[in-house]
Amino acid sequence: MRDVGSIPPSGRLLPPNDPRQYDELAGEWWRPDGAFAMLHWLARARAALVPPATRPGALLVDLGCGAGLLAPHLTGKGYRHVGVDLTRSALEQAADHGVNVVHADATAVPLADACADVVAAGELLEHVPDWRRVVAEACRLLRPGGLLVLDTLNDTALSRLVAVHVGERLPTVPRGIHDPRLFVDHRELLAECRRHGVDLRVRGVRPEVAGLVGWLTRRMLPGVGPAGSPPRIVPTWSTAVLYQGRGVRRG
């Protein structure tokens, strides 16, 4: 049977990966244990790939910025943080967290060529109809020597099992937030980045096990055990499910 997606709080039936889900879940963005908890963990790990700015006025363009979850982890690094997203309710929250927001599609960003010192595309590519166009736009925005950082889900059977059939049944994770037909083969991503002048390197990542078990226990059995820290995202040997990419645009 075809997955017809999720029923959000409004009661409307939405297809998988429908952008309207983000308006329905607007109140969840900044809840540490809410629907977007894992995006907080990934934002911290993504920010760790970004070095301090090397020049005054350095620009970081955050494609698919959502409510600006990357912003707290960039504090003190010296970037002007510009966030691009299609969801206005998310952009309003991003602006409240110090992000300079742009309402635009990630395939057509109204910024100049080679303007960015860093482009971040976190948990975005697996949500867009044409990830190759997003990659082309990200590379267009990068200046020579600029840095691209991203994370996404691989196009594998294991990724579909973990992220959709298991992951979307965990506490608070929205049903239908992913369409597995949009997942991104890491080899194709590497080739596409090379075609646009960025030498990307990828590595598998995952939540660390003890932290994840503790978090799940607290979600499923409230009041059991201490509050604890959120799980850290750590490297793993396999890119088969979730992976990070980091690459520099050639001069």
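This is a predicted model: local features need pLDDT of at least 70, side-chain atom pairs count only at pLDDT 80 or more; totals for chains, interfaces and linings use all residues.
## Asp185 and its contacts

Asp185 touches Asn154, Asp155 and Tyr243, leaving aside residues up to four places away in sequence; contact means heavy atoms within 4.5 Å. Asp185 sits in the loop between H6 and H7, where helices (H or I, at least four residues) and strands (E, at least two) are DSSP runs numbered from the N terminus. With 9% relative accessibility, Asp185 counts as buried. Buried means under 20% relative accessible area, exposed over 50%, and partly exposed in between (1.4 Å probe, protein chains only).

Residues are numbered from 1 along each chain as its sequence is written, and side-chain values use heavy atoms, with hydrogens and water left out.

## Helices H5 and H7

Helix H5 (residues 131-141) packs against helix H7 (residues 186-195) at an angle of about 40°, and their axes are 10 Å apart. Axes are lines fitted to C-alpha atoms, for helices over the stretch in contact, and angles run from 0 to 180 degrees between N-to-C directions. The crossing of H5 and H7 is right-handed, meaning that the near helix is turned clockwise from the far one by less than a right angle. On the H5 side, Trp131, Arg132 and Val135 take part, and they meet Glu188, Leu189, Glu192 and Cys193 in H7.

The buried residues of H5 are Trp131, Val134, Val135, Glu137, Ala138, Cys139 and Leu141. Their cover includes H7 as well as strands E1 (59-63), E4 (116-122), E5 (142-153), E6 (198-207) and E8 (242-249).

## Salt bridges

The whole structure has 14 salt bridges, a salt bridge being a side-chain nitrogen of Lys or Arg within 4 Å of a carboxyl oxygen of Asp or Glu. One of them joins Arg140 and Asp113, at 2.5 Å from N to O. Arg140 lies in helix H5 and Asp113 in the loop between strand E3 (100-103) and E4, so this pair ties together parts that are 27 residues apart in sequence. Arg140 is partly exposed at 23% relative accessibility, whereas Asp113 is exposed at 54%.

Because Glu192 lies in helix H7 and Arg132 in helix H5, the pair ties together parts that are 60 residues apart in sequence. Glu192 is buried at 9% relative accessibility, and Arg132 is partly exposed at 33%. Both belong to a network of salt bridges that links Arg132, Glu188, Glu192 and Arg195. Elsewhere, Arg160 forms a salt bridge with Asp155, with the closest N and O atoms 2.8 Å apart. Arg160 has a relative accessible area of 29% and is partly exposed; Asp155 is also partly exposed, at 34%.

In helix H2 (residues 37-47), 8 of the 11 residues are buried, so the helix is largely enclosed by the rest of the structure. The buried residues are Ala37, His40, Trp41, Leu42, Ala43, Ala45, Arg46 and Ala47.

Ala94 lies in helix H4 (residues 88-96) and is buried, at 0% relative accessibility. Ala94 touches Gly66, Ala67, Gly68, Val99 and Val101, not counting residues up to four places away in sequence. For Ala94 and Ala67, 27 residues apart in sequence, the C-alpha atoms are 4.2 Å apart in space.

## A nonpolar surface patch

Leu158, Leu161, Val162, Val166 and Leu170 make a nonpolar surface patch of about 370 Å². Patches are made of residues with over 30% relative accessible area and no salt bridge; like charges are joined within 9 Å, and nonpolar side chains (Val, Leu, Ile, Met, Phe, Trp, Tyr) within 5 Å. Areas come from the Shrake-Rupley method with a 1.4 Å probe, and for residues only the protein chains shown count as cover. Leu158 lies in helix H6 (residues 157-166) and is partly exposed, with a relative accessible area of 42%.

## Positive phi values

Most residues other than glycine have a negative phi. Asn17 has a positive phi of about 65°; Asn17 is in the segment before helix H1 (20-24) and is buried at 10% relative accessibility. Ala114 has a positive phi near 55°. Ala114 lies in the loop between E3 and E4 and is partly exposed at 34% relative accessibility.
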